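Dear colleague,

Please find below the structure that I am handing over to you. My findings follow directly after it.

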Amino acid sequence: MKQRLHLLLATAALLGVSWAWAGPGAHGPNGEHLDAPGPAVNASGLARLPDGSVNVPKLAQRRMAIRTVLAPLAEAAATVELPGRVVMDPNASGRVQAAHGGRIEPGPQGLPVAGQAVRRGDVLAYVRHHAEPYALGTQQAQLAELRAQRQLAEQRVQRLEGLQGTVPRKDIEAARNEAASLAERERSIGASLVAREALTAPVSGVIARADIVMGQVVEPRDVLFEVVDPARMLVEATTADATLAARVAGATLQGLPDVQLRLVGAARALRDGVLPLSFAVSSAKPGAGLPVAIGQPVTVVAQTRERIQGVVLPAQAVVRNPSNEPIVWIKSGAERFIPQPVQFRPLDARTVVVTQGLGADNRVVVQGAPLIAQIR
């Protein structure tokens, strides 16, 4: 009986301990809530520290392919960013316009579409002209009158030829010339009633713009087609500095490393308060097409002959913090990376030069910086 009583007391004690452990509102010796969930633990070890730095374990660095380099000071060309857009090369492109209004008819191969390759002289479409009712009636009446005069002239020629030898030869020749002249005038006016204008490709290239459909009525001087050579284009940039053209040593397009630019010339007259600069576009890979389109807005990075001191880094090394400030990540320990605000200028499509914010002994992340910036 005594053993059974001890067993009941022990069971009650265990249940009490269990209720105390799991009961709501239970506190530990330091006042912490025992029933509250503990702090989340990142199993990978990635963590954003209170000072803004990031902890990245070695294994995670290998998975993220993080690469760092020492940041030595060097000289680089000073650059200027210019807004621009891609335009047609006037020597390798052209517009197709109708000289007179009319109705569109398809060409021998049908109506071309944008992106279709054409050769110089290919008939793209026809424009069937339609005269006004009054003018059309006047032409038809004139045609009927000429037809009657021609018939009379041919009959007169036949009569004179039947009297050959009794009439002067000059009269017979004059009658023949008059009949031939009337026949030619009749053919010209008759052809004008059913005339159509052939729209041909001015250059060999690709249709960049096609704004017609079958049966469409067009007005004179409407731009119906634009034909461009995809391997020859221009970039027109603008600047307010009239001396910049003389200081440009080279240029590239921001974000397009496979495109090369060559300064063709600079205008000497202001247009909307700025000076246009023309650059010829070419591909860095021979035979490759240009990854730009007519009318595309671009940013031209013009390299000047001036030199500046700074740290040359890949463009991907510079990222933005939550405040949209440019930063780079500096490795301060085996697994710790610190964000460092910097000022930079682009050098070309692939590299930038950091002018402020870095020292010669800083180890900068040049690959994987966007991944580190995403760690929270």
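Leaving aside residues up to four places away in sequence, Arg-150 touches Ala-179, Leu-182, Ala-183 and Glu-186, where contact means heavy atoms within 4.5 Å. Arg-150 lies in helix α3 (residues 133–162); helices (H or I, at least four residues) and strands (E, at least two) are DSSP runs, numbered from the N terminus. Its relative accessibility is 17%, so Arg-150 counts as buried (under 20% relative accessible area, 1.4 Å probe, protein chains only).

This is a predicted model, in which local features need pLDDT of at least 70 and side-chain atom pairs count only at pLDDT 80 or more, while totals for chains, interfaces and linings use all residues. Residues are numbered from 1 along each chain as its sequence is written, and side-chain values use heavy atoms, with hydrogens and water left out.

An open antiparallel sheet is formed by 4 strands in the order β5-β12-β10-β7. β5 (93–97) and β7 (117–118) stand at its edges with a single partner strand each, so one side of each has no neighbour in the sheet. β10 (residues 205–210) and β12 (residues 223–228) pair over 4 bridges (pairing requires at least two DSSP bridges between strands), and Ala-210 has Phe-225 in β12 as its bridge partner.

Yours sincerely

How values were computed:
Buried < 20%, exposed > 50% of the residue type's maximum accessible area, 1.4 Å probe, protein only.
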